[in-house]
Amino acid sequence: MIGYGLATIGPAIAVGLIFAAYINGVARQPESQSRLQPIAILGFALAEALAIIGIALAFVI
């Protein structure tokens with residue numbers, strides 16, 4: 001379980017970077033929000049999938 005706790009640091013940093021880039025992009029060009037939002041949500045889902053796979057492997061192994 002300690003290994004899983006350490007492994008969640010990566011997806012947590014990724015989610016932070018994804019939304020920081022999204023906020024920065026929308027702040028620079030507000031009209032691009034409708035184009036950037038689906039990309040940010042997709043990136044969030046993929047980063048969180050890594051954490052979910054990690055917990056599944058922690059219980060299997």
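The report below goes through the annotations, the helices and several individual residues.

## Basis of the description

This is a predicted model, in which local features need pLDDT of at least 70 and side-chain atom pairs count only at pLDDT 80 or more, while totals for chains, interfaces and linings use all residues. Residues are numbered from 1 along each chain as its sequence is written, and side-chain values use heavy atoms, with hydrogens and water left out.

## Annotated regions

Over residues 2–61 the chain is 90% helix and 0% strand, with the end C-alpha atoms 13 Å apart; here helices (H or I, at least four residues) and strands (E, at least two) are DSSP runs, numbered from the N terminus. For residues 6–27 the figures are 95% helix and 0% strand, and the end C-alpha atoms are 33 Å apart, whereas residues 39–60 are 100% helix and 0% strand, with 32 Å between the end C-alpha atoms.

A pair of aromatic rings is described by the distance of the centres and the angle of the planes. Rings of Phe, Tyr and Trp (its six-membered ring) pair if their centres lie within 6.5 Å, and planes under 30 degrees apart count as stacked, over 60 as edge-to-face and the rest as tilted. By this rule the count comes to one aromatic pair. The ring centres of Phe-19 and Phe-44 are 5.7 Å apart and their planes stand at 55°, so the pair is tilted. The pair links distant parts of the chain, since Phe-19 belongs to helix α2 (residues 9–28) and Phe-44 to helix α3 (residues 33–60), 25 residues apart.

Relative accessible area is described as buried under 20%, exposed over 50% and partly exposed in between (1.4 Å probe, protein chains only). Phe-19 is partly exposed at 29%, and Phe-44, at 33%, also counts as partly exposed.

## Residues in the loops

Ser-32 is found in the loop between α2 and α3, where its relative accessible area of 16% makes it buried. The side chain of Ser-32 reaches the backbone oxygen of Gln-29 at 2.7 Å.

Thr-8 lies in the loop between α1 and α2 and, at 24% relative accessibility, counts as partly exposed. The C-alpha atoms of Thr-8 and Gly-54 are separated by 7.9 Å, although these residues are 46 residues apart along the chain.

## Helix positions

Which helix holds Ile-2? Ile-2 has its place in helix α1, and with 71% relative accessibility Ile-2 counts as exposed.

Ala-20 has its place in helix α2 and is partly exposed, with a relative accessible area of 45%. Between the C-alpha atoms of Ala-20 and Val-60, which are 40 residues apart along the chain, the separation is 34 Å.

Methods. Polar contact = N/O pair within 3.5 Å; in protein donor to acceptor, adjacent residues only side chain to side chain.
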